[in-house]
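Trainee: Could we go through this model together, a question at a time?

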Amino acid sequence: MTGDCLGLFGGIGNINGQIAESGKVMLLAANGVIASNNEAGGICGNLSVGEIYGCSFTGTVKGTEAGGISGNAGQYTKISQCFFAGDVQGKYNAAGICGYSPFRVIDHCISIAAVTSDEHCAGIVNSGYYGTTNCYFNNDVYDVKEEEEGKGGRSTLQLTSPDFFEKLIKDEGFNPDIWTKKANDKETGIAYYPSLGENNAVGVKYTTGLLFERTDNATPTYGQDITFNAKALVNFATDGQPISAEDTEGSFEIRIGDTPVVSAADFKNGIATYKAQTVGETIFTLVYTGTNSSFFPEQTTKDLTVNINPALLT
């Protein structure tokens, strides 16, 4: 769709440049490409007076002022409980939810937007000091440098976590009647963002893996401590770029053969120490139990071979 002042609705509360009666757009889901010579939004190009509630758009939005939901928003407007995923390109202003609004009129929205502009970009809205209420954007996709707005940035791992969604509903005022969170698919490696209805769920592909290494390269001797560093990594393919994050919901254990030699309780921030009780090449197996993880399968393992010298004769 291309032209002047575009969205699913070109303008709300504005007829031929004149302020009209307030309008309300509710519970719509759309996808596609919106391209305008002026304001552009996935739902509305120019929100002069009125409200956009519980709407989502997935796709691309381009305009002089471009937003995932609305190109701009006036003083007597409201954009609430909305979701956008895709990319936003603006000449002057571009943002994940609303390209520009010098008013605090946006609340309880989520943006998974790659944002670009010749001048001003934002995760949610370009609004000066006015800001938003309980809105979040993916800072893996778009990294905001401005401190105040940057507080709304969350990682892909956080945004696709069931714990984060539970917090949105219980503590942040997101409406449970319209928001849902499709369960992450561990078998196929797809994590899902919160969405306005499960049929509108947006997923991101991921793989999992373990980092298992020693903290130094010196050859240990029987009876000496060997210190290991372990991490459970979730690797997302976000906007074509690999994003690595650490999963902390599971638990580690180290074994030699079938015998546990380092327990989960021995790990502190992924670091654990073992007093060498073998000589020669010893295979240590890191076991990550992902029963409580939103991303890892039940159990993942990785081996590390360490050559241990015999103790010196005295």
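Contacts, cysteines and strands

Mentor: Leaving aside neighbours within four places in sequence, Val 115 is in contact (heavy atoms within 4.5 Å) with Val 88, Ala 94, Ala 95, Gly 96, Cys 121, Ala 122 and Tyr 142. This is a predicted model, in which local features need pLDDT of at least 70, side-chain atom pairs count only at pLDDT 80 or more, and totals for chains, interfaces and linings use all residues. Residues are numbered from 1 along each chain as its sequence is written, and side-chain values use heavy atoms, with hydrogens and water left out.

Trainee: Is Val 115 buried or exposed?

Mentor: Val 115 lies in strand 14, residues 110-117, where strands are DSSP runs of E with at least two residues, numbered from the N terminus. The classes are buried under 20% relative accessible area, exposed over 50% and partly exposed in between, with a 1.4 Å probe and protein chains only. Because its relative accessibility is 8%, Val 115 counts as buried.

Trainee: How many disulfides does the rule count?

Mentor: A disulfide is taken as a pair of cysteine sulfur atoms within 2.5 Å, and the count comes to zero. For Cys 55, which is in no disulfide, the nearest cysteine sulfur is that of Cys 82, 5.1 Å away. Cys 82 is in no disulfide either, its nearest cysteine sulfur being that of Cys 109 at 4.7 Å. The number of disulfides is therefore zero.

Trainee: Which residue stands opposite Arg 214?

Mentor: Two strands pair if DSSP finds at least two bridges between them. Strand 22 and strand 23 (residues 225-238) pair in the antiparallel sense over nine bridges. In strand 23, the residue opposite Arg 214 is Phe 228.

Definitions and conventions
Helix = DSSP H or I, 4+ residues; strand = E, 2+ residues; numbered from the N terminus.
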